[in-house]
Amino acid sequence: MMQSNNWFYLFKYIQQKKIFLLITLLTIFHHTSSAQKDPQLREALSIMTKASISGDIEGILSQTSPRIIESMGGIDQATKLTKELYSSLIKYGVKIDSMINYVDIDVSKIDGIAYCFIPQVLVMSMPEKGKMAITSANLLALKEGETKKWTFINFNKMDQEKINLFLPEFNGKVSLPQGLEKKTLVVQKEEVDKTVDHLMKLIDESVKKN
């Protein structure tokens with residue numbers, strides 16, 4: 001995808017521009033790799049997937065990092081903003097179709113926090129008949145605190161400085177992975193598989209290079 005912080009920026013963007021371009025939700029495409037090293041993380045991704053596709057706001061926020069919920073003003077405000085986003089998506093004819101998560105990545109630890117950067121490719125239906133929008137995204141999975149459950153932060157709209165503010169434990173110790181250039185591609189439906197495969201190969205090359 002959350003998600004939550006990225007959704008907030010997207011909602012504001014839609015309000016200002018009256019169009020949709022970039023959406024970051026967390027879903028899983030059918031041919032996603034199942035090589036994720038941590039079964040609990042794979043399960044958390046699955047839960048977020050179902051919630052994101054169905055518009056289950058409570059489910060989405062339950063998988064969002066408490067750090068992001070707090071930054072949005074608490075659970076009530078986060079719920080309000082997320083509901084507003086979904087209403088905007090419906091209004092502008094955007095439908096979340098799928099996302100491919102590159103999950104063949106090791107889990108790391110620092111200061112008691114387990115974390116994993118997950119590159120993603122998003123596929124979205126558009127109002128124009130026969131057209132699909134495809135873009136890349138990035139997700140940070142975290143396991144910390146008393147519950148020791150996996151939650152997520154989408155850092156598409158964040159630079160290293162902002163990540164350090166949310167996660168001071170990372171400051172000077174963990175650098176954001178180099179991602180793909182963020183462009184939204186608009187393709188015909190029959191070109192989706194080929195485009196997604198190409199982007200996933202680029203992600204694979206980038207991950208192995210780093």
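A residue counts as buried when its relative accessible area is under 20%. By that cut-off Lys143 is buried, because its relative accessibility is 17%. The model is predicted.

**Lys143**
- Lys143 belongs to strand E4, which runs over residues 131–144.
- Its side chain makes a polar contact of 3.3 Å with the side chain of Gln40.
- Beyond neighbours within four places in sequence, Lys143 contacts Asp38, Gln40, Gly112, Ile113, Ala114, Lys148, Lys149 and Trp150.

**Helix H5**
- H5 covers residues 75–91, 17 residues in total. Its first and last C-alpha atoms lie 24 Å apart, close to the 24 Å expected.
- Ala78, Leu81, Thr82, Leu85, Tyr86, Ser88 and Leu89 are its buried residues. They fall within an arc of 160° seen down the helix axis, so they line one face of H5.
- Asp76, Ile90 and Lys91 are exposed, on the face turned away from the buried side of H5.
- Gly93 follows H5 and has a positive phi, near 75°.

**Helix H7**
- H7 covers residues 192–209, 18 residues in total. From first to last C-alpha the helix reaches 26 Å, close to the 26 Å expected.
- Buried in H7 are Val192, Thr195, Val196, Leu199, Met200, Ile203 and Ser206. Their arc about the axis is within 130°, so they line one face of H7.
- The face turned away from the buried side of H7 carries four lysines that are exposed: Lys194, Lys201, Lys208 and Lys209.
- Strands E1 (95–101), E3 (113–125), E4 and E6 (185–188) are among the elements covering the buried residues of H7.

Note on methods
Residues are numbered from 1 along each chain as its sequence is written. This is a predicted model: local features need pLDDT of at least 70, side-chain atom pairs count only at pLDDT 80 or more; totals for chains, interfaces and linings use all residues. Side-chain values use heavy atoms; hydrogens and water are left out. Helices (H or I, at least four residues) and strands (E, at least two) are DSSP runs, numbered from the N terminus. The expected span of a helix is 1.5 Å times one less than its number of residues. Buried means under 20% relative accessible area, exposed over 50%, partly exposed in between (1.4 Å probe, protein chains only). The arc is that of the directions from the helix axis to the C-beta atoms. A polar contact is a pair of N or O atoms within 3.5 Å; within protein, one must be able to donate a hydrogen and the other to accept it, and residues adjacent in sequence count only if both atoms are side-chain atoms. Contact means heavy atoms within 4.5 Å.
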